[in-house]
Amino acid sequence: MKIEDATLLVIEDDAVMRMYVVNLLRRLGVTQVCEAADGNTGLTMVENFRPDIVLSDIHMAPMNGLECVKCLRQHRMIELRKTPVLIMSADSGTDMLNEAMPLGIAGYIVKPPNVLAMK
């Protein structure tokens with residue numbers, strides 16, 4: 001699948017960073033982007049929007065990104081459990097990555113994402 005054909009969900013509590021990521025995706029040719037400001041809303045959006053890929057921040061409240069991934073992996077709708085999730089965080093330490101990897105994440109992006117690195 002080409003990135004241009006994918007549907008993406010961006011879960012990010014910081015409105016400026018969320019807008020930055022959405023605009024970056026649109027510059028890459030993605031036209032189907034949905035947004036959520038927290039993990040709870042993100043899970044609802046996964047059910048309704050059925051994205052091909054989820055990009056989620058880690059540090060959010062009331063549900064953080066890792067909790068969101070855990071809930072997604074145990075979702076009542078079996079077809080949603082394998083939804084690829086890319087975690088985004090300004091925290092580039094290995095502790096956070098070591099906590100995220102066992103959840104079956106598809107990747108880890110250090111914020112802010114760089115469009116040149118994504119091509």
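**Entry 1: elements**

I take helices (H or I, at least four residues) and strands (E, at least two) as DSSP runs, numbered from the N terminus. With those labels I placed R50, which lies in the loop between α2 and β3. The model is predicted, and I read what follows as values computed from that predicted model.

**Entry 2: backbone**

I then went through the peptide bonds and noted the one from A61 to P62, which is cis, with omega near 5 degrees. P62 belongs to the loop between β3 and α3. I flagged both entries because most residues other than glycine have a negative phi, and most peptide bonds are trans.

**Entry 3: the sheet**

I traced the strands next. Five of them form an open sheet with parallel pairing, in the order β2-β1-β3-β4-β5. At the edges I find β2 (32-36) and β5 (107-110), each of which pairs on one side only. From one strand to the next the twist averages 20 degrees.

Strand β4 (residues 85-89) runs parallel to β5 and is joined to it by 4 bridges. For S89 I found the bridge partner V110, in β5.

**Entry 4: helices on the sheet**

Which strands does helix α1 touch? I list β1 (7-11), β2, β3 and β4 for α1 (residues 15-27), which packs on the sheet. The direction of α1 makes about 170 degrees with that of β2. For α3, which also packs on the sheet, I list β1, β3 and β4. The direction of α3 makes about 170 degrees with that of β4.

**Entry 5: α2 against α3**

I checked how these two helices meet. Their axes come within 9 Å and cross at roughly 30 degrees, and the crossing of α2 and α3 is right-handed. On the α2 side I noted G39, L43 and V46, which meet C68, C71 and L72 in α3. I sorted the residues of this contact into 5 nonpolar, 1 polar and no charged.

**Entry 6: M45**

Leaving out residues up to four places away in sequence, M45 touches L9, C34, E35, A36, R50 and P51. For E35, I looked up the C-alpha separation from M45: 8.1 Å, with the two residues 10 apart along the chain.

**Entry 7: the cavity**

Rolling a probe the size of a water molecule over the atoms shows where empty space is left. How many cavities of 30 Å³ or more does the structure hold? I count 1. About 40 Å³ of space lies in the largest cavity.

I wrote down the lining of the largest cavity as L43, V46, V54, S56, G65, C68, V69, L72 and V85. Two or more of the lining residues come from each of α2 (39-49), β3 (53-57) and α3 (65-73). Which element gives the largest share? It is α3, with 4 residues. By type, I divide the lining into 7 nonpolar, 2 polar and no charged residues.

Comparing lists, I see L43, V46, C68 and L72 both in the lining of the largest cavity and in the contact of α2 with α3.

Terms used. Residues numbered from 1 in each chain as written. Predicted model: local features only at pLDDT ≥ 70, side-chain atom pairs only at ≥ 80, totals over all residues. Heavy atoms only, no water. 1 Å grid on protein atoms, 1.4 Å probe; cavity = no way out; pocket = protein on both sides within 12 Å on 5 of 7 lines; lining within 4 Å. Points joined across faces, edges and corners; volume = space filled by probe spheres on them. Nonpolar A, V, L, I, M, F, W, Y, C, P; charged D, E, K, R; others polar. Pairing = 2+ DSSP bridges. Axes fitted to C-alpha atoms, helices over the stretch in contact; angles between N-to-C directions. Contact = heavy atoms within 4.5 Å. Left-handed = near helix turned anticlockwise from the far one by under 90°.
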